[in-house]
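This report looks at how side chains pair and pack in the model shown below.

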Amino acid sequence: MFVETGRLILRKFREEDFADFCAYAMDEEMCRMMGNDLMDTEEAARVTFDWLKDKEERSYVLILKETGRAIGNLNITPLPEHLLELPALAGKQGKSLSFCISRQYRRQGLMSEAVRAVIARLFEEEGMDYVQCGYFDFNTVSEALQEKLGFTHLITMTIDFKGENVTTVENILWKKQL
């Protein structure tokens with residue numbers, strides 16, 4: 001286990017999580033919001049699942065204690081290179097978070113509960129100075145959650161993503177903001 005909250009356990013993915021992963025990750029809206037290709041078959045979902053389980057060092061599944069089922073995931077990664085070049089981040093230590101949760105579990109405070117617990121761990125136990133999150137400008141769900149958690153604007157950028165120009169909003173939460 002990585003983190004436990006009142007209602008959730010965040011731990012590494014296991015093979016037995018695959019069916020639950022498919023239930024939330026094969027959602028067309030979820031794929032679009034995360035910038036993933038549509039996972040419309042179990043074979044397509046398998047590629048992403050195996051990568052999260054076996055390759056992404058700090059990818060965690062959200063297990064709802066009440067049911068024991070996987071309802072989402074959260075990843076902790078190094079910052080993208082283009083953000084590390086920003087003067088505001090020079091000489092500071094930070095991590096980037098990305099996360100998703102099944103539509104049926106939105107607006108219940110579960111993701112904010114998970115993200116708060118992870119942020120506390122990153123600041124208190126790992127000594128990070130900041131945590132960064134971003135979202136595509138059309139992802140109003142992520143925008144609202146980041147605002148609720150106290151993230152502030154860092155930079156808005158237009159990037160080439162899979163052959164299209166898309167706008168991303170990058171936010172930051174400084175340790176001193178808490």
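## Charges over rings

The charged end of Arg46 sits over the ring of Phe18, at 3.9 Å from its centre, where a charge counts as over a ring if NZ of Lys or CZ of Arg is within 6 Å of the ring centre and within 35 degrees of the ring normal. Lys12 likewise lies over the face of Tyr60, 5.9 Å from the ring centre.

The model is predicted, so local features need pLDDT of at least 70 and side-chain atom pairs count only at pLDDT 80 or more, whereas totals for chains, interfaces and linings use all residues. Residues are numbered from 1 along each chain as its sequence is written, and side-chain values use heavy atoms, with hydrogens and water left out.

## Aromatic pairs

A search of the whole structure finds eight aromatic pairs, a pair being rings of Phe, Tyr and Trp (its six-membered ring) with centres within 6.5 Å, called stacked if the planes are under 30 degrees apart, edge-to-face if over 60 and tilted for the rest. One of them is the stacked pair of Phe2 and Tyr60, with 4.2 Å centre to centre and 10° between the planes. This pair links distant parts of the chain, since Phe2 belongs to the segment before strand S1 (3–4) and Tyr60 to strand S3, 58 residues apart; strands (E, at least two residues) and helices (H or I, at least four) are DSSP runs numbered from the N terminus. Phe2 is buried at 10% relative accessibility and Tyr60 is buried at 7%, where buried means under 20% relative accessible area, exposed over 50% and partly exposed in between, with a 1.4 Å probe and protein chains only.

Phe13 and Phe49 form an edge-to-face pair, 5.5 Å centre to centre with 85° between the planes. Here too distant parts of the chain are linked, with Phe13 in the loop between S2 and helix H1 (18–25) and Phe49 in helix H3 (residues 42–55), 36 residues apart. Phe13 counts as buried at 5% relative accessibility, and Phe49 counts as buried at 0%.

## Salt bridges

The whole structure holds 11 salt bridges, each defined by a side-chain nitrogen of Lys or Arg within 4 Å of a carboxyl oxygen of Asp or Glu. Arg11 and Asp17 form one with their closest N and O atoms 2.8 Å apart; Arg11 is buried at 11% relative accessibility, and Asp17 is buried at 3%.

Arg46 is also part of a network of salt bridges that links it with Glu15, Asp50, Lys53 and Asp54. Within this group, Asp54 and Lys53 have their closest N and O atoms 3.0 Å apart, and Asp54 is partly exposed at 49%. Arg121 and Glu125 meet in a salt bridge of 3.4 Å, N to O, with Arg121 partly exposed at 25% and Glu125 exposed at 59%.
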